[in-house]
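Dear colleague,

Please find below the structure that I promised to pass on, together with its sequence.

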Amino acid sequence: MAQTAAVHTRAPVKTRRRPLSAWSLGALLIAALIALPIVTVVAQVFIPSGGAWSHLASTVLPLYLRNSLLLVVLTVALASAIGVGAGWLIAGFQFKGRGMLQWALMLPMTMPGYVIAYVYYDRLAYAGPLQTTLREIFGWGRHDYWFPQVASLPGAAVLLALVLYPYIYLLTRAAFATQSLHLMEAARALGQSPRGAFFRVALPMARPAMVAGAAFVAMETLADFGTVSHLGVQTLTSGIFRTWFARGEPVAAAQLAALLIGFVALALVLERILRGSRRYVGDPAGKSASAAARQPLTGARALIVMALCAFPVFAGFLYPVWDLIRRAVLVGDPMWGPRFYAFAGNSLMLAGLAALVLLTLGLFLGYARRMDGGPLVKAALGVAGIGYAMPGAVIAVGILLPLSWADQTLDAWMRATFDYSTGLLLTGSYVGLIFAYTVRFLSISLSTIEASLQRIPPSLDDAARGLGSGPGRTLLTVHLPLLRGGLLSAAIFIFADVMKELPATLIVRPFNLDTLAIRTYRLASDGRLDEASTSALMIVALGIIPVVLLSRAMDRPSSH
């Protein structure tokens, strides 16, 4: 009894908190660097803007807010309708042409939004060839007929949806193919009609993928500058440019950017709430089960489904590419030659370097979470991933302010100490530009690599440690070969996005560094679309290569 009493009265043993590992410290440092531009922008809220903010609030700010909100809602709704519909038709039915359409539906993601806006505005505007031909045939005047306006908020939403729906299509197609189709057969066997089984089984199970894809579309819509600028739609992003560069009010522009960050944060919270904590187990049989469950279509029904799947490919890719090819052959860029090759080389160099940096950081952060899944590391990864939700203009503002301060501080110290001026070392440099890409696109690398790491069983880590391998060696010898597919997918998405990125490149780039995106924007903004067609085509052509690789990777059978 005495022994028992001693056990019950023993003082509790205090456990020492485990010190942070090098992986965790590195993750916290990376998160701090990623958060720097965002913190810089938010801090501008507390700096007096000299009446510029009150002027904005009383004049154009309500318009910016209304247009941004409506543009996001319309674009997400249209892109969801196209992406979910195409994903279900490709995953759920077998029809002639399906094999080609399943990868062709990804092609519009290679088309930058500002390029498709240039093409359709030129073709469908009042002075464009279509309306001009209609007036000549029917003898109409300006007020004798109605024609949809491309240079409008609904027009911008339609065009953005045509190039952004692949984000939703890719995710929902995978969700339908691996999670729902074998259950659809069971639902139909229990008496459900195909439509009822779709809405009651397939759609609810694909909801996390749909919400994730819709979130991508919403963020890309908020980040867009070239499309809304060309079509004359005043949004928060275009307002940031106008306030800083046209009005010369960097503080007020940063305050607009802080407001946009608030809306993005609200959208992210809403996405988490809508997606919830539901997890759906995939079909272990993989492709073979989904192929067996597809419903064969013939005759008129097959033609209708083919037409529905082919329309977004035609409107979002084939027609714009045909128009650009025609213009490039007839006119083309007058700088075609070594100078133009330099634009393409700059784009390829920046995209490749950004992909390498982002894959390295994403791999480090993802493995840090696997090694230490504590709250600090989870918070660090959450901060590191928020950059994708930030428009390039906001990130550029948040980067230029601290970089210019660092350059000025260093220059003043060097002048006072050594009587030597360092000039601008960081502002307008490759370091600043790669930093902007890192903040903007780290989420792509991190989310893809994390998803791939989750599919690797922890027992492999335990076995490697039992054989004497440390964390670094385990990552290189065990995990890296298994992550090859995830790393390839992340690299493809990053490469394609950096090739198309316009606002951050336009603001942060080194002096006299021109890329294909900047060349296209400058020529098209001056109304020289015929000349801009060459650089726009090059962006699309270089973007097709990653899409083809991604399609082949998705169609390749899983090795585990």
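Which residues of H2 are buried? Keeping in mind that this is a predicted model, the answer is Trp23, Ser24, Gly26, Ala27, Ile30, Ala31, Ile34, Ala35, Pro37, Ile38, Thr40 and Val41. The helix itself covers residues 22–43, and its 22 residues reach 30 Å from the first C-alpha to the last, which is close to the 32 Å expected at 1.5 Å a residue.

As for the chain as a whole, the model contains 25 helices and two strands, and buried residues account for 51% of its 560 residues. Of the contacts between residues at least 6 apart in sequence, 82% join residues that are at least 24 apart. The chain exposes about 26900 Å², of which carbon and sulfur atoms supply 67%.

On that surface there is a nonpolar patch formed by Leu410, Trp413, Phe418, Tyr420 and Leu425, with about 560 Å² of accessible area together. Tyr420, one of these residues, is located in the loop between helix H18 (392–418) and helix H19 (430–454).

In another, Arg519 pairs with Asp333, the closest N and O atoms being 2.8 Å apart. Since Arg519 belongs to helix H24 (residues 516–525) while Asp333 sits in the loop between H15 and helix H16 (338–371), this pair ties together parts that are 186 residues apart in sequence. Here too, Arg519 and Asp333 are buried. A further salt bridge joins Arg509 to Asp514, with 3.3 Å between the closest N and O atoms, and both of these residues are buried.

Finally, Arg327 and Asp323 also take part in a network of salt bridges, in which they are linked with Asp122, Arg123, Arg326 and Asp530.

With kind regards

Technical notes: Residues numbered from 1 in each chain as written. Predicted model: local features only at pLDDT ≥ 70, side-chain atom pairs only at ≥ 80, totals over all residues. Heavy atoms only, no water. Helix = DSSP H or I, 4+ residues; strand = E, 2+ residues; numbered from the N terminus. Buried < 20%, exposed > 50% of the residue type's maximum accessible area, 1.4 Å probe, protein only. Contact = heavy atoms within 4.5 Å. Areas by Shrake-Rupley, 256 points an atom, 1.4 Å probe, with all protein chains shown as cover. Patch = residues over 30% accessible without salt bridge, like charges linked within 9 Å, V, L, I, M, F, W, Y side chains within 5 Å. Salt bridge = Lys/Arg side-chain N within 4 Å of Asp/Glu carboxyl O. Expected span 1.5 Å × (residues − 1).
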